[in-house]
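This briefing covers the pockets, the salt bridge, the surface and the overall build of one structure. Please read it next to the sequence and the coordinates.

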Amino acid sequence: MSERAESWLVLATFGYRALMMPTALAGAYSIIGSAAEAYLAALLIGMVANTVLVVGGINGRVNNVLRSRVSIIGDPVFAVGLNVWTTLVL
């Protein structure tokens, strides 16, 4: 796969995650009610971070960051950590 195609795939993934987080919050409110407020800060941080990465990637400003080891390791660790935390709290 070419480098450009990989970049667009990564940006599409961040965009998808940024758009799905409000949907996840709405689903959480419908299932667990006001207990979902505990997740609001984490979801907002994730949504803002993913949106910044998409916009920065389109502008070409974060391409080096997306290829760094911190990003390659940090992004999955954040995602897994958020899922584990959600499971433990529920």
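The second largest pocket is lined by 13 residues, and Glu6, Ser7, Val10, Leu66 and Arg67 are the ones nearest its centre. The model is predicted, with local features requiring pLDDT of at least 70, side-chain atom pairs counted only at pLDDT 80 or more, and totals for chains, interfaces and linings using all residues. Residues are numbered from 1 along each chain as its sequence is written, and side-chain values use heavy atoms, with hydrogens and water left out.

**Second largest pocket**

- Its volume is about 240 Å³; a volume is the space filled by probe spheres set on the grid points, which are joined across faces, edges and corners.
- A pocket is defined on a 1 Å grid over the protein atoms alone, as an open set of points where a 1.4 Å probe fits, with protein on both sides within 12 Å along at least five of seven lines; lining residues have an atom within 4 Å of a point.
- Helix 1, helix 3 (63–66) and helix 4 each supply at least two lining residues, where helices are DSSP runs of H or I with at least four residues, numbered from the N terminus.
- The largest share of this lining, 7 residues, comes from helix 1.
- By class, the lining of the second largest pocket holds 5 nonpolar, 4 polar and 4 charged residues; Ala, Val, Leu, Ile, Met, Phe, Trp, Tyr, Cys and Pro count as nonpolar, Asp, Glu, Lys and Arg as charged, and the others, Gly among them, as polar.

**Largest pocket**

- The largest pocket holds about 480 Å³ of space.
- Its lining has 19 residues, with Ala24, Leu43, Leu82, Asn83 and Thr86 nearest the centre.
- At least two lining residues come from each of helix 1 (3–32), helix 2 and helix 4 (69–89), and helix 1 gives the most, with 9 residues.
- The lining of the largest pocket divides into 14 nonpolar, 4 polar and 1 charged residues.

**Salt bridge**

- The whole structure has 1 salt bridge, the term meaning a side-chain nitrogen of Lys or Arg within 4 Å of a carboxyl oxygen of Asp or Glu.
- Arg17 and Asp75 form a salt bridge through their side chains, at 2.5 Å from N to O.
- The pair links distant parts of the chain, with Arg17 in helix 1 and Asp75 in helix 4, 58 residues apart.
- Arg17 counts as partly exposed because its relative accessibility is 21%, and Asp75 is partly exposed at 23%; partly exposed lies between buried, under 20% relative accessible area, and exposed, over 50% (1.4 Å probe, protein chains only).

**Surface patch and a buried residue**

- Tyr29, Leu40 and Leu44 make up a nonpolar surface patch with about 230 Å² of accessible area together.
- Nonpolar patches join side chains of Val, Leu, Ile, Met, Phe, Trp and Tyr within 5 Å, using residues with over 30% relative accessible area and no salt bridge.
- Accessible areas come from the Shrake-Rupley method with a 1.4 Å probe, and for residues only the protein chains shown count as cover.
- Leu44 lies in helix 2 (residues 40–59) and is partly exposed at 41% relative accessibility.
- Ala18, in helix 1, is buried because its relative accessible area is 9%.
- Between Ala18 and Leu43 there are 9.1 Å in space, C-alpha to C-alpha, and the two are 25 residues apart in sequence.

**Overall build**

- The protein chain has 4 helices and 0 strands, in the order α-α-α-α from the N terminus on.
- Its C-alpha trace spans about 45 × 20 × 20 Å along the principal axes.
- Of the 90 residues in the protein chain, 23% are buried.

Conventions:
Patches are made of residues with over 30% relative accessible area and no salt bridge: like charges are joined within 9 Å, nonpolar side chains (Val, Leu, Ile, Met, Phe, Trp, Tyr) within 5 Å.
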